[in-house]
Amino acid sequence: MSAASIVLGLSPGALKEALLAVGIPQKAAAMRTRQLWNWIYVHGARDFAAMTNLAKDFREAMAARFSLARPDVVTEQVSADGTRKWLLRGEGGQEFETVFIPEPGRGTLCVSSQVGCTLNCRFCHTGTQKLVRNLTAGEIVGQVMAARDALGDWPSTGENRRITNVVMMGMGEPLYNFENVKAALAIVADGDALALSKRRVTLSTAGVVPMIGRAGTEIGSALAISLHAVRDDIRDRLVPLNKKYPLKELLDACRAYPGLSNARRITFEYVMLRGVNDSLAEARELVRRIAGIPAKINLIPFNPWTGAPYECSDWAQIEKFAEIVNRAGYASPVRTPRGRDIMAACGQLKSESVKQRAGERMAQLRSAELARMPS
Ligand code: SAH
């Protein structure tokens, strides 16, 4: 076994197997697993030495073989509105972002599922990133751990915990990384681990239809769909995945989502793009198409990024659109843009830190060179 197998992301069963494999006796393994689990996920222990109620030789044996490392924090940025964005570095050096959005009485952590994204939605900055790979289960759950570390938000079961909700709405398509997302969310929702109930966990998909049913039965979180258009020709352009899984199939999969009820509604996200998808006829068509699905509609003002081919709809238009949806009986909150000043808002995530830091180093070298030159 290598010097440090990573523990984050293992299921309780896999952790127990790992203990057995390093010689922990069968009769102690189940209890040791429970104790470690509690230290790691309820108390956020970052090393084995801190686990003071465990025998010293056990702690030393663990420390020699296992690592509790989370993704490294490369940078932290804090928005004027209190939103925080962390750039994290995973195994192999690739970077990804996690965003904390504080609101009165709650705090939402927006978690990434991939480095980059393969979907190429035309209005989304993440889609312009070249590098793509799936995050491991450890890197996904590690985002929640790293955020809790930075916020001093342990124990996870604390009454005044700051992270109360998790949304899989960061970089990547979670249903293209199903097994790792499922493993990570099982730890997030475990009452003896990160302790956020499934109602407080939302998975957002651009519409990977064949995986939606499995998400419901095997993950059981709340579901959000990045709808963004109500006609196939428009959605084909905005969300190219629509060519593979068109609107009718997508909405049928939503109708069949396990556990759907008025208490457990699907959220339809709809980005407001001026002159593209924001007409009042489209608002009425939206209401017609989702009829019968317990739903709420989340209108998202388009968040701009340099070079984006779209503009945000006017506020007056967004309000009129919302009113039609509202009158049809659907809650239609307009999502307040958060963290735009630090490029932390929906669709703005893109890890370009490597490039940026290289640029900074060049600038430093240049100014050092200038300083040496005779004036
Ligand atoms: N791939 C998943 C998870 C990403 S969630 C999905 O598509 O659902 C991120 C949400 O922000 C999606 O609804 C996405 O369509 C939306 N989004 C992307 N770019 C945006 C932008 N520039 N402004 C506002 N919303 C955007």
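Which residues does Thr267 touch, not counting residues up to four places away in sequence? In this predicted model, where local features need pLDDT of at least 70, side-chain atom pairs count only at pLDDT 80 or more, and totals for chains, interfaces and linings use all residues, the answer is Leu223, Ala224, Ile225, Lys296 and Asn298, a contact being heavy atoms within 4.5 Å. Residues are numbered from 1 along each chain as its sequence is written, and side-chain values use heavy atoms, with hydrogens and water left out.

Thr267 is found in strand β12, where helices (H or I, at least four residues) and strands (E, at least two) are DSSP runs numbered from the N terminus. Thr267 counts as buried because its relative accessibility is 13%, and buried means under 20% relative accessible area, exposed over 50%, and partly exposed in between, with a 1.4 Å probe and protein chains only.

The ligand has 21 residues around it, of which Ser204, Ser226, His228, Asn303 and Gly347 come nearest; a residue is near a molecule or strand if one of its heavy atoms lies within 4 Å of it. By class, this shell holds 11 nonpolar, 8 polar and 2 charged residues, with Ala, Val, Leu, Ile, Met, Phe, Trp, Tyr, Cys and Pro counted as nonpolar, Asp, Glu, Lys and Arg as charged, and the others, Gly among them, as polar.

Polar contacts to ligand nitrogen atoms (pairs of N or O atoms within 3.5 Å) include one at 2.8 Å from a polar backbone atom of Asn303, one at 3.1 Å from a polar side-chain atom of Glu173, and one at 3.4 Å from a polar backbone atom of Cys346. Taken alone, the ligand exposes 550 Å², and the protein buries 95% of that, the accessible areas coming from the Shrake-Rupley method with a 1.4 Å probe.

At the level of the whole protein, there are 11 helices and 13 strands, and 51% of the 375 residues count as buried. Among contacts between residues at least 6 apart in sequence, 66% join residues at least 24 apart. The protein exposes about 17000 Å², of which carbon and sulfur atoms supply 53%.

How values were computed: Polar contact = N/O pair within 3.5 Å; in protein donor to acceptor, adjacent residues only side chain to side chain.
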